[in-house]
Amino acid sequence: MTITDEGTYVLSGNLTDGMVVVEAEDTDKVQLVLQNAQITNAQSAALYIRCADKVFVTLAPETQNSLQNGGAYTAIDENQIDAAVFSKSDLTFNGEGMLTVTADAGHGIVSKDDLVFTSGDYAVTGADHGIVGKDSVRIANGVYKIVAGKDGIHAENKDDASLGFIYLENGTYDIKAQGDGISAGSWLQAEGGTYNITTGEGSANVKTKTEPGRGSFHRQMAERRMEDTASAQEADATEDTASMKGIKAGTQMVLKKGAYTMDCEDDALHSNGNLTISAGIYTLSSGDDGIHADCDVTIDGGRIDITRSYEGIEGLGITITDGEISVQAADDGINAAGGNDSSGFEGPGSGGDQFAAVEGAYIHIAGGTLNVNAFGDGIDSNGDLTVSGGETYVSGPTDNGNGSLDYNGTAQITGGIFAASGSSGMAQNFGSSSTQGVVMVSLDAQEAETKISLTDSAGQELLSWTAQKEYTSVIVSCPEIKQGETYKITAGTAAEQIVMDRLVYGNGTPAGAEAGRGARGGMRGEPGKESIPGQETPSGEVPREAPQGTEQEL
């Protein structure tokens, strides 16, 4: 059936092995009202919009409608039809009814222009992508259940980099995709909605080793990444290359609010540019990074719970000003790395300097509450680290090849609460440019789930938290710590008085040195005295020694 004139058309009943075609003038606006309409085409699209200015598909209230492709596409003109619903013009869906779209081959719904949804209830199954808009996909409301062999929702314009964007205002999304859940070739912005997204076979399908032992674990992960790179190169980086991210943007991602539950084989949230979160609730389980940006990650609100990840939050620069954040990571919890998805580890034989600062890399924590449980470094900046506010609690690694705090540039604390526990073999303290008092001590091994507290000379508790894993090193800082005062640290079965003869107290970080990697001492020695392995260099830095009990191929 071919529609050639502008107007409103009500479709009801069954059309078996047929097609509805819209072929009007390019200035015409056409509205199709589906009122219990079922259209099936074994050889092509059920609905084909060849020409019009705009087409509106309205789902009549309390109706059940279906559009289905039977698994093949036979060419009928110069256009390469490859979807159950295929449009060459702007296409808008609305109404209060339900629409089921099934594509046994190809995509579910495709617009080669803008694709808009303002309301309705949709169940879309696509052998390839579920919903595709070349210039954009814009959704204001509605309910979407999508099962896709590739991406659930996909926007991409290879001819114009400014297009291919996705805007989501509200709606409910249940997406199961073998590719990305939602993928924008350029920018993506979400201002609400409820998202339940699973990609691939979920995060549990990725085998990651979370036991202590940096050497074996990092070698395993490096080998995995090199295999992934080789596979991508072999596939010529085509669309078929497996990318199983939850929500992905090519240039920028902005998430203003919404509720997100994701279980992904790859990154849960991923941007090839910047990524900003200002509000919302996020429960993220990832076989790779929980949150990743090639450039900057900014978090200034929301509740984020990364329940499983290789690295929790990764970006070239990371700024946290507000929010409630919890991170579980097999490697680093928070990692400011070198602008790609390599997680900051160059791998065996790379020839790179792991201790060299990366230009532009930084972590800045100015507010919010951050809880990190990491088997690698707790907080790792390949550049600088600054803490000026908020509350940060780190249960770091148990092996001596990592530290609860790790940086390659400088580290400064000027405000907030910071408390970290972990191994002592590669421990680092904040630098001497800090303006808030900080204490780092080493001690005999303490059990997991033991309380660590700091009290002043009057016995008032200033800070306390519970370490989630075994530890031999503790770092604490809070605004009440003053130079010249005496404090007591209690950690499990150990207790020690600390005389703050300097503002940055820490065995292994001499005054004026910005890095104290490999330092030992603390509660095993005389309070206030340093116990430094190796001889101090004229610059005030401590020579790095090999971590005790770890593999030497680091």
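**View 1. Strands E41 and E42 pair as an antiparallel hairpin in this predicted model.** Strand E41 covers residues 450–456 and strand E42 covers residues 461–467, and six bridges join the two in the antiparallel sense, where pairing requires that DSSP finds at least two bridges between two strands. Strands are DSSP runs of at least two residues, labelled E and numbered from the N terminus. Thr-450 has Ala-467 of E42 as its bridge partner. Four residues lie between the strands of the hairpin, and Gly-459 in this turn has a positive phi of about 85 degrees.

Residue numbers start from 1 along each chain as its sequence is written. In this predicted model, local features need pLDDT of at least 70 and side-chain atom pairs count only at pLDDT 80 or more, while totals for chains, interfaces and linings use all residues, and side-chain values use heavy atoms, with hydrogens and water left out.

**View 2. Phe-165 and Trp-187 form a stacked aromatic pair.** The structure holds twelve aromatic pairs, a pair being two rings of Phe, Tyr or Trp (its six-membered ring) with centres within 6.5 Å, called stacked if the planes are under 30 degrees apart, edge-to-face if over 60 and tilted for the rest. The pair of Phe-165 and Trp-187 is stacked because the ring centres are 4.5 Å apart and the planes lie at 5 degrees. Phe-165 belongs to strand E18 (residues 165–168) and Trp-187 to strand E21 (residues 187–199), so that the pair links distant parts of the chain, 22 residues apart. Phe-165 is buried at a relative accessible area of 12%, whereas Trp-187 is partly exposed at 31% (buried is under 20%, exposed over 50%, partly exposed in between, with a 1.4 Å probe and protein chains only).

**View 3. Tyr-173 and Tyr-195 form a stacked pair.** Their ring centres are 4.6 Å apart, with 5 degrees between the planes. Tyr-173 lies in strand E19 (residues 172–177) and Tyr-195 in strand E21, 22 residues apart; both residues are buried. Ring pairs also connect these two tyrosines into a cluster with Phe-93, Phe-117, Tyr-122, Tyr-144, Tyr-260 and Tyr-282.

**View 4. The charged end of Lys-469 sits over the ring of Phe-375.** The distance to the ring centre is 5.0 Å, and the term requires NZ of Lys or CZ of Arg within 6 Å of the ring centre and within 35 degrees of the ring normal.
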